[in-house]
Each structure stands twice: as C-alpha cells, then as structure tokens.
Amino acid sequence: MSDLRITEAFLYMDYLCFRALCCKGPPPARPEYDLVCIGLSGSGKTSLLSKLCSESPENVVSTTGADNIRKYWSRYYQGSQGVIFVLDSASSEDDLETARNELHSALQHPQLCTLPFLILANHQDKPAARSVQEIKKYFELEPLARGKRWILQPCSLDDMDALKDSFSQLINLLEEKDHEAMRM
C-alpha cells in the first residue's frame, strides 16, 4: 500500500508544480487513500507500481506461490477505500477465465462491493492483447458492475501517461465518494 501512497504523492507533486507555476497561494490539502491492488500472478501489478514510483521494473521478481496467496486476499480488504485490479490482457483463455472469476468475486465481496474499482487491462503492448471492449464483454462488466463505480483502462509499461491518467480517474472517483459522504 505504500507504493500507492507514493504514486498518489507523485501525482500530487505534478499538481503542486502546476499550481506553483499558474496559481497563487498554497494548494489545498489532498487526502490519502488506502487502496488494495490485486490480480493474478504475472499480470504486472508490481511492475506497474514500480514504474509509477520511478523504480526500474527490470528488478521486479514475481511473487513466489502467488496462486496460493489468492485465498488470503480478503485479509487486506478491510479499511480499503478503492480497488485496483490488474489483469493480463494477453493471457491464455484459462488465465483470463480465472481473472474473470476473481474480479467477479471482488466486485461482489461485502468489503469491496461499494468501493470504486480501477481495472487495468495490462500488457496492451503484446500482440495477443485483447482490447478493452473485448475484456468488457468477456468479463461481463456492464451487467455485473451496474450501479458500481468502475473504470476499465488499457495499459502497459510503455505508456506511463495513460497509466497516470487511469490513477487520476480513480482519485476523482474517490474524491466524489468523499464529497457524497460530506453531504450526508
């Protein structure tokens, strides 16, 4: 979770630089959010977060036994304010089906079902990558996530601007939720 705080700090630093150049006065305080990042082994979770934090993804080692860890994901859900689900858009049909089932479980989990989701269709730079439209249809996101706040975005390590934009969209969803809570 510290990687995500670093990422948000990075986005916030861009915002501070913009405000310093264009505006007068201190920028408003920005809240911190606790996010959980989940996805199958090899989907690119650690590589994407490392690259966002300006670390070299070449030094990333896949989590050993990651498939066995999946059953413990729910232990990290408590206190989360948003979810990042990373999937390998170029994976095999079997892995894509497993990712679909895991995403469906997460979207319906009692601790996550009201939270905003950022779904990253990673590895878009690979020839076998499925488009966002194909993923949306295959994962049945429209009917399953109706009434929920979610974003499905393509991404790869080669396009950090798109990835930063995806995180900005997630932050906007989180801020909308904060504003809704304040109105109540």
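Which residue forms a salt bridge with Arg 100, the closest N and O atoms being 2.4 Å apart? Good morning, colleagues. The residue in question is Glu 140. I shall return to this pair after an overview of the chain. Please bear in mind throughout that the model is a predicted one.

Let me begin with the overall arrangement. The protein chain contains 7 helices and 4 strands. Read from the N terminus, its elements follow the order α-β-α-α-β-α-β-α-α-β-α. Of the 184 residues in the chain, 41% are buried. The chain exposes about 10,400 Å², and carbon and sulfur atoms account for 51% of that area. As for contacts between residues at least 6 apart in sequence, 79% of them join residues at least 24 apart.

I turn now to the salt bridges.

Arg 100 and Glu 140 have their closest N and O atoms 2.4 Å apart. Arg 100 lies in helix α4, whereas Glu 140 sits in the loop between α5 and α6 (141-144), so the pair ties together parts of the chain that are 40 residues apart in sequence. In terms of accessibility, Arg 100 is buried, at a relative accessible area of 14%, while Glu 140 is partly exposed, at 38%.

Arg 100 also meets the side chain of Glu 97 in a salt bridge, with an N to O distance of 3.4 Å. Here the two partners are both in helix α4, 3 residues apart, and are therefore separated by about one helical turn. Glu 97 counts as partly exposed, with 29% relative accessibility. Taken together, Glu 97, Arg 100 and Glu 140 are linked in a network of salt bridges.

The next example again involves helix α4. Glu 93 forms a salt bridge with Arg 130, and their closest N and O atoms are 3.1 Å apart. Glu 93 belongs to helix α4 (residues 93-108) and Arg 130 to the loop between β3 (117-122) and α5 (132-138), so this pair ties together parts that are 37 residues apart in sequence. Glu 93 is partly exposed, with a relative accessible area of 48%; Arg 130 is buried, with a value of 16%.

Next, I would draw your attention to Gly 44. Is this residue buried or exposed? Gly 44 is buried, because its relative accessible area is 12% and the cut-off for buried is under 20%. Gly 44 is found in the loop between β1 (35-38) and α2 (45-52). Apart from neighbours within four places in sequence, Gly 44 is in contact with Val 86, Asn 122 and His 123. Gly 44 and Ser 156 are 112 residues apart in sequence, yet their C-alpha atoms are 8.8 Å apart in space.

Which residues form a negative surface patch? They are Asp 125, Asp 158, Asp 159, Asp 161 and Asp 165. One of these, Asp 161, is located in helix α7 (residues 160-183). Asp 161 counts as exposed, at 60% relative accessibility.

To close, let me recall the network that links Glu 97, Arg 100 and Glu 140 through salt bridges. Thank you for your attention.

Definitions and conventions:
Residues numbered from 1 in each chain as written. Predicted model: local features only at pLDDT ≥ 70, side-chain atom pairs only at ≥ 80, totals over all residues. Heavy atoms only, no water. Patch = residues over 30% accessible without salt bridge, like charges linked within 9 Å, V, L, I, M, F, W, Y side chains within 5 Å. Areas by Shrake-Rupley, 256 points an atom, 1.4 Å probe, with all protein chains shown as cover. Salt bridge = Lys/Arg side-chain N within 4 Å of Asp/Glu carboxyl O. Lys, Arg positive; Asp, Glu negative; His and termini not counted. Charge placed at Lys NZ, Arg CZ, Asp CG, Glu CD. Helix = DSSP H or I, 4+ residues; strand = E, 2+ residues; numbered from the N terminus. Buried < 20%, exposed > 50% of the residue type's maximum accessible area, 1.4 Å probe, protein only. Contact = heavy atoms within 4.5 Å.
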